[in-house]
Amino acid sequence: MPAGERLVTSLLVLVLTGASCAAQPPPANFQKAGETALQWVEQLVSLGPRPAGSPAQQKQQEVIAGELRSLELEVVEHDFVAQTPKGSVPMKNIIAKLPEGGNRVVVVSGHYDTFQRPGLHFVGANDGGASAAFLLALARVLAARPLKDSVWLVFFDGEESFVSWRNNDHTYGSRRLASKWSADGTAGRIKALLNVDMIGDENLRLTPEQYSTGWLTELVASTAGKLGYGSIFSRQRPSYIEDDHVPFLKAGIDAVDLIDFDYGPSNSYWHTEEDTPDKLSAESLGTMLHIITETLRELEAVP
Ligand SMILES: [Zn+2]
């Protein structure tokens, strides 16, 4: 997850359904899917720190692609070499395509690399782990529930900076994929992109992210409200957060970033050795799986 947020001083304009109610737990099937996601977090974390270009990241790529292929999904490995302040680094975005629906595509994405700095043993349970685990669990949910739209799950490499969040030292995978999809015409097929980041926090509170496309943010928030989870969008100040959705917005694709950028007391678990699986909950992951699955269904009605 990125640095470089800018707080907005004006009042939030979103109208949130049910924002004053406490969030309810997800129904049993999504609670179970959340437990599966949490098990994936633990498995990915057991590989150790997984920064872009590392041997552990290569191992993680095999684990992710292996699981997706075991679900009989079409898996596309988008390999590229990124020029970073630490030199050339091989990276890989992984794209899983659910059985083909219509020509229109909805993308659900998140990053799977983890933050690195010298001397820091950072395993990224929430930041990197939760987004990857969420996508793996979602693949299993959606494989059993076909949708009218084509749904692609995208695991981004290289979201984290190598030195500092400046001068394009970040979002390597999403920038490269947005550029490819612009060039080959894929961008025109994409109805919406839903990006998740740091959504495993046991105290789940999504930040209203202000670069995100308004109607899409409102659709996710109203869907969450209808399901009884309206309160997870409340009590956070709206912020501008640069994340993997931004390159797609720049390419003209409607996109939303669903991020909990309030992780631990005063965000003190973010990018520290405190980011471990015990800070996460299956309930939060199950709630997000429920919200996204229903949002995909709502999106079927959008041309
Ligand atoms: Zn991060």
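Strands β4 (residues 105–111) and β5 (residues 150–156) run parallel and are joined by 7 bridges. Within this pairing, Val-107 stands opposite Trp-152 in β5. The model is predicted.

**Helices on the sheet**
- Helix α3 (residues 125–143) packs on the sheet and touches β4, β5 and β6 (190–197).
- The direction of α3 makes about 145 degrees with that of β4.
- Helix α4 (residues 172–184) also packs on the sheet, where its contacts are β2, β3 (87–97), β4, β5 and β6.
- Between the directions of α4 and β2 the angle is about 115 degrees.

**The sheet**
- The sheet is open and is formed by 6 strands, with mixed pairing, in the order β2-β3-β5-β4-β6-β8.
- The edge positions belong to β2 (74–84) and β8 (255–259); each has a single partner strand, so one side of each is left without a neighbour in the sheet.
- From one strand to the next, the twist averages 20 degrees.

**The α1/α2 helix pair**
- Helix α1 (residues 28–45) and helix α2 (residues 55–70) have axes that come within 10 Å and cross at roughly 150 degrees.
- Angles over 145 degrees count as roughly antiparallel, so α1 is roughly antiparallel to α2.
- The crossing in which α1 passes α2 is right-handed.
- On the α1 side the contact is made by Trp-40, Gln-43 and Leu-44, and on the α2 side by Gln-60, Val-63 and Glu-67.
- Sorted by class, the residues in the contact of α1 with α2 are 3 nonpolar, 2 polar and 1 charged.

How values were computed. Residues numbered from 1 in each chain as written. Predicted model: local features only at pLDDT ≥ 70, side-chain atom pairs only at ≥ 80, totals over all residues. Heavy atoms only, no water. Pairing = 2+ DSSP bridges. Helix = DSSP H or I, 4+ residues; strand = E, 2+ residues; numbered from the N terminus. Axes fitted to C-alpha atoms, helices over the stretch in contact; angles between N-to-C directions. Contact = heavy atoms within 4.5 Å. Parallel < 35°, antiparallel > 145°, perpendicular 65-115°, else oblique. Left-handed = near helix turned anticlockwise from the far one by under 90°. Nonpolar A, V, L, I, M, F, W, Y, C, P; charged D, E, K, R; others polar.
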